[in-house]
Amino acid sequence: MAGRRQGGGRTRDRETISAPVDGGQAELRPDRERPRAWTLLLDGAPQSYVDLADPGHLDFAYQRTLGHVIDLVAPPGRPVRVVHLGGGALTLARYTAHTRPRSTQQAVEADTALTELVRAHLPLDRTWRIKVRGGDARAGLAKLPEDWADLVIADVFAGARTPAHLTTAEFLAEARRVLAPGGWYAANVTDGGPLAFLRGQIATLRDAFAEVALAADPAVLRGRRFGNIVLLAADGPLPVAEFTRRVATDPHPGRVDHGRPLADFAAGAPVVTDTTAAPSPQPPARTFD
């Protein structure tokens, strides 16, 4: 689920495409400012933005942050193996294929009708090595081989909430199994207000990985606004300084927390398990208006 777009998007001469999918009513809205760009919405909530003419263009702020992760996970241009939990319009898979040719990618998307809609109207380049599997994200992750991925990205929402079973220590253990030595885990989550859900996610990540960082709008981290937070974790060192610089120079500058400030923020929060997990909070009314 996305927070803010970077620019406008009124229709000029293309019409919105609307169709029922497994998760609700999907819409593909054209961007009048970019002639081959579309925003995917599900029940009115923006999910993805794709520019078919420029797969390197990331419009949503959180996707730009995850783009920085993709840029930094390995030397520039080197092919990588990426798992995308939550397919949507496959924006980040397209970005990876465009910036790192010959990369091999697996996406898991539960909404097969949504995948069919995206394939029909936002087709993938046939040379890209992107395989999309239908099914639950955690079940799909369990089918992947050990030590396979350089990067696992979790961006899964059901009814604008992250499902509970994708927030737990047991889920992270499965992600760690799939990650190759030196691999990274990244997740897009949403929270607001007291940030209790986010604190629990940080505590769970810090219990599973040696290094953890987050990036978000400062207003979200101060509890003043509901929005997206990108979490990043690895067992080896993270390029926090470069990640911070890139996030801070985005069109909507974000803040990166790491180390002691992050530990202090999550202090006292219990590790989330399969027996204690709950979905992420419901967004407040009119969040996406």
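Predicted model: local features only at pLDDT ≥ 70, side-chain atom pairs only at ≥ 80, totals over all residues.
Good morning. Leaving aside neighbours within four places in sequence, Gly-200 is in contact with Ala-269, Pro-270 and Val-272.

Where does Gly-200 lie? Its place is in helix H6, which covers residues 196-208. Is Gly-200 buried or exposed? Its relative accessible area is 8%, and because the cut-off for burial is under 20%, Gly-200 counts as buried. One further distance concerns this residue: the C-alpha atom of Gly-200 is separated by 9.5 Å from that of Ala-277, although 77 residues along the chain lie between the two positions as the sequence is counted.

Let me stay with helix H6 and turn to its partner. In general, a pair of packed helices is described by the angle between the axes and by the distance between them. Helix H5, residues 169-178, packs with H6 at an angle of about 45°, and the axes are 10 Å apart. The two helices are therefore oblique to each other. The crossing in which H5 passes H6 is right-handed. Which residues make the contact? On the side of H5 they are Ala-169, Leu-172 and Arg-176, and on the side of H6 they are Thr-204, Leu-205 and Ala-208. Sorted by class, this contact has 4 nonpolar, 1 polar and 1 charged residues.

I now move to the sheet. It is an open sheet formed by 8 strands, with mixed pairing, and the order is S7-S6-S5-S8-S9-S11-S10-S12. Its edge strands are S7, residues 129-134, and S12, residues 255-258, each of which pairs on one side only. From one strand to the next, the twist averages 15°.

Strand S6, residues 104-109, pairs with S7 in the parallel sense over 6 bridges. Within this pair, Thr-104 stands opposite Arg-129 of S7.

A helix also packs on the sheet. This is H8, residues 240-248, which touches strand S10 (211-216), strand S11 (227-234) and S12. The direction of H8 makes about 160° with that of S12.

Finally, I mention helix H2, residues 91-99. How many of its residues are buried? The helix is mostly covered, with 7 of its 9 residues buried. These are Thr-91, Leu-92, Ala-93, Arg-94, Tyr-95, Thr-96 and Ala-97.

Thank you for your attention.

Technical notes:
Residues numbered from 1 in each chain as written. Heavy atoms only, no water. Helix = DSSP H or I, 4+ residues; strand = E, 2+ residues; numbered from the N terminus. Buried < 20%, exposed > 50% of the residue type's maximum accessible area, 1.4 Å probe, protein only. Contact = heavy atoms within 4.5 Å. Pairing = 2+ DSSP bridges. Axes fitted to C-alpha atoms, helices over the stretch in contact; angles between N-to-C directions. Parallel < 35°, antiparallel > 145°, perpendicular 65-115°, else oblique. Left-handed = near helix turned anticlockwise from the far one by under 90°. Nonpolar A, V, L, I, M, F, W, Y, C, P; charged D, E, K, R; others polar.
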